[in-house]
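Thanks for asking me to look this one over. My notes follow as numbered points, to be read alongside the structure.

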Amino acid sequence: MIVDLHNHTPRCHHAEGKMEEYIEKALLSGTKYFGICDHAPMDFDPEYRMAFNEMAQYQSDVLEQKEKYKKQIEILLGYEVDYLQGHMDKRVLNADVDYLIGSVHFLDEWGFDNPEFIGNYESKNIDEIWQKYFDTIEEMAKSKLFDIVGHLDLIKVFKFMPKGNINEIAKNALIAIKNADMVLELNIAGYRKPVAEPYPSRSLLKQAFDLDIPITFSSDAHKPEQVALFNDEIVKMAKDVGYKKCAFFRKRKKEFISF
Ligand SMILES: [Zn+2]
Ligand SMILES: [Zn+2]
C-alpha cells in the first residue's frame, strides 16, 4: 500500500521484530509513507503499552529511522491513543508527532478486543454494546483530539454481530467523524482476527464515502511479516467503493496522494 500509517514496535509488549524489519517489508511492498504509531502510554492497562518515560526514546528512535531511510521512504511518527475518559494525558495529546490515531479498545474499562476477556460477551446484550461502542466513537470524534479513527468497527472482532442495522448504529459516529474532519483508516488487522474482514466493513466504508470522509491505509502490524498483508484486497475495496485518494499527515497537517 502506498500509505501505511499504523504499525507497532516491541515497546508495547505485544509486538515483535525490529523497526528496520517493518520498514524493509514496507519498502518491498512499494510503500511511500510508512507510519510507526505505537500504543501511547496511559495510567490504565500499562502492560500493553510503553511507559511515559519511554516516549522520548521512542520518538527519537523513529526519527533516527526516518533519517536513515529518507532516500527510499518517508517515515512518519505517531501514537495510537486510547479514547478512555479520565485516562488521556496531555504529554501524549500534545506530543510533537505527525498524527494521532484515536482508538476505542475499552468500554467501561472492559478490554473488549482482548481474547483474555472474551467471556464477558456472554453477559452482554450484543446490540447494546455495539451502540455503546459507536456512541464512544462519536464522543471521541467530537473531542477533536485525534487525526485518524482507528479500526472503526473493532467491536466486530470476535464476530458477535448485532441484530440491528449496523449502518444505523454507526450513523451518528460517522457524521461526527465528518464534522471533526477526521480520516478513517482502512485497517487489515481484522483479516487476522475471527471476523476475517478489514475494519471497516465494505458497507460502512460505502457509508463513509457517501459522507465524503477521507481514508488512509493501515497494516496495524504487530510483526514485520504483517506489514502490507492483504494490501491488494483493501486497495481494491477502496477503489470499488469509489475512493481515489488517501491521506497522510505531517506535523498534524493532512495531505493526499492518489493510489
Ligand atoms: Zn496492539
Ligand atoms: Zn488498536
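1. A charge sits over a ring if NZ of Lys or CZ of Arg is within 6 Å of the ring centre and within 35 degrees of the ring normal. In this predicted model, R91 meets that description: R91 lies over the face of F52, at 3.9 Å from the ring centre. K124 is another case, with its charged end over the ring of W110 and 4.8 Å from the centre of that ring.

2. H39 belongs to strand β2 (residues 33-39), whereas H222 is in the loop between β9 (215-218) and α7 (231-241), so the pair ties together parts that are 183 residues apart in sequence. Are these two histidines buried or exposed? H39 is buried, with a relative accessible area of 7%, and H222 is buried too, at 15%.

3. Next, the aromatic residues. There are 14 aromatic pairs in the structure. Take Y121 and F158: their ring centres are 6.0 Å apart and their planes are at 85 degrees, so this pair is edge-to-face. Y121 sits in the loop between β6 (110-111) and α4 (126-143), and F158 sits in the loop between β7 (148-149) and α5 (166-179), so the contact ties together parts that are 37 residues apart in sequence. Y121 and F158 are both buried.

4. W130 and F134 make another pair. The centres of their rings are 6.2 Å apart and the planes are at 35 degrees, so this pair counts as tilted. Why are W130 and F134 separated by about one helical turn? Because they are four residues apart in helix α4. Both W130 and F134 are buried.

5. Finally, please look at how the rings join up. Ring pairs link W110, F112, Y121, W130, Y133, F134, F158 and F160 into a cluster.

Methods. Residues are numbered from 1 along each chain as its sequence is written. Chains are lettered from A and ligands numbered from 1 in the order in which they are written. This is a predicted model: local features need pLDDT of at least 70, side-chain atom pairs count only at pLDDT 80 or more; totals for chains, interfaces and linings use all residues. Side-chain values use heavy atoms; hydrogens and water are left out. Helices (H or I, at least four residues) and strands (E, at least two) are DSSP runs, numbered from the N terminus. Buried means under 20% relative accessible area, exposed over 50%, partly exposed in between (1.4 Å probe, protein chains only). Rings of Phe, Tyr and Trp (its six-membered ring) pair if their centres lie within 6.5 Å; planes under 30 degrees apart count as stacked, over 60 as edge-to-face and the rest as tilted.
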